[in-house]
Amino acid sequence: MAVTIQEAQSVQSVYVQREYHYKKISDKYMALYQLGKCTKEEWEAKRQIVKDMLPYPSGIDKKEALDKIVLETGWSYST
């Protein structure tokens with residue numbers, strides 16, 4: 001079933017918010033992990049906090065939704 005623009009916007013909203021919160025919460029732990037100053041589990045736990053805080057809407061294909069936003073608006077994202 002085709003993704004509606006409203007569904008696509010919902011997915012895009014979560015994508016953008018996750019991107020912000022990853023930078024704010026978990027990226028510093030990724031750097032610490034790469035430097036050997038924290039464990040991979042600590043870093044992954046911080047990423048999971050963001051995922052739990054901002055779940056994607058269920059039943060909507062994420063790639064299809066984000067691709068629809070790209071087609072409709074010219075916005076871009078990285079996979």
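This is a predicted model: local features need pLDDT of at least 70, side-chain atom pairs count only at pLDDT 80 or more; totals for chains, interfaces and linings use all residues.
Colleague: OK, and what covers the buried residues of α1?

Modeller: The cover includes α2, residues 40-53, and α3, residues 62-73.

Colleague: Let's take α3 then. At what angle do α1 and α3 pack?

Modeller: The angle is about 100°, and the two axes are 8 Å apart. Angles of 65 to 115 degrees count as roughly perpendicular, so that is what α1 is to α3.

Colleague: Which residues make the contact?

Modeller: From α1 you have Ile5, Ala8, Gln9, Val11, Gln12 and Tyr15. On the α3 side they meet Lys62, Ala65, Leu66, Lys68, Ile69 and Glu72.

Colleague: And how does the contact of α1 with α3 split by class?

Modeller: Seven of its residues are nonpolar, two are polar and three are charged.

Colleague: Switching to the core. Which residues make up the largest nonpolar one?

Modeller: That core has eight residues: Val3, Ala8, Val11, Tyr15, Ile60, Ala65, Leu66 and Ile69.

Colleague: Ala8 has come up a few times. What is Ala8 in contact with, leaving aside neighbours within four places in sequence?

Modeller: Ala8 is in contact with Val3, Ala65, Lys68 and Ile69 on that basis.

Colleague: What about Gln12, is that residue buried or exposed?

Modeller: Buried. Gln12 sits in helix α1 and has 18% relative accessibility, so Gln12 falls under the 20% cut-off. Setting aside neighbours within four places in sequence, Gln12 is in contact with Leu66, Ile69 and Trp75.

Colleague: New topic, α2. How do the axes of α1 and α2 cross?

Modeller: They cross at roughly 175° and come within 8 Å. Since angles over 145 degrees count as roughly antiparallel, that is how α1 stands to α2.

Colleague: Which residues of α1 meet α2?

Modeller: Arg18, His21, Tyr22, Ile25, Ser26, Tyr29, Met30 and Tyr33 do. Their partners in α2 are Lys40, Trp43, Lys46, Arg47, Val50, Lys51 and Met53.

Colleague: How many residues of the contact of α1 with α2 are charged?

Modeller: Five are charged, along with eight nonpolar and two polar.

Colleague: Tell me about Arg47. Where is Arg47 found?

Modeller: Arg47 is in helix α2. With a relative accessible area of 27%, Arg47 is partly exposed. Leaving aside neighbours within four places in sequence, Arg47 is in contact with Tyr22 and Ser26.

Colleague: How many residues apart in sequence are Arg47 and Tyr29?

Modeller: They are 18 residues apart in sequence, and their C-alpha atoms are 9.1 Å apart in space.

Colleague: And Ile49, what is its relative accessibility?

Modeller: Ile49 belongs to helix α2 too, and at 41% Ile49 counts as partly exposed. Ile49 and His21 lie 28 residues apart in sequence, with a C-alpha to C-alpha distance of 9.5 Å.

Colleague: Last one, back to the shape of α1. Where is the kink in α1 centred?

Modeller: On Ser26. The kink is about 50°, in a helix that covers residues 5-34. Ser26 is also among the buried residues of α1, and Ser26 is one of the α1 residues that meet α2.

Conventions. Residues are numbered from 1 along each chain as its sequence is written. Side-chain values use heavy atoms; hydrogens and water are left out. The bend at a residue is the angle between axes fitted to the seven residues ending there and the seven starting there. Helices (H or I, at least four residues) and strands (E, at least two) are DSSP runs, numbered from the N terminus. Buried means under 20% relative accessible area, exposed over 50%, partly exposed in between (1.4 Å probe, protein chains only). Contact means heavy atoms within 4.5 Å. Axes are lines fitted to C-alpha atoms, for helices over the stretch in contact, and angles run from 0 to 180 degrees between N-to-C directions. Angles under 35 degrees count as roughly parallel, over 145 as roughly antiparallel, 65 to 115 as roughly perpendicular and the rest as oblique. Ala, Val, Leu, Ile, Met, Phe, Trp, Tyr, Cys and Pro count as nonpolar, Asp, Glu, Lys and Arg as charged, and the others, Gly among them, as polar. A nonpolar core is a set of buried Ala, Val, Leu, Ile, Met, Phe, Trp, Tyr and Cys residues joined through side-chain atoms within 4.5 Å.
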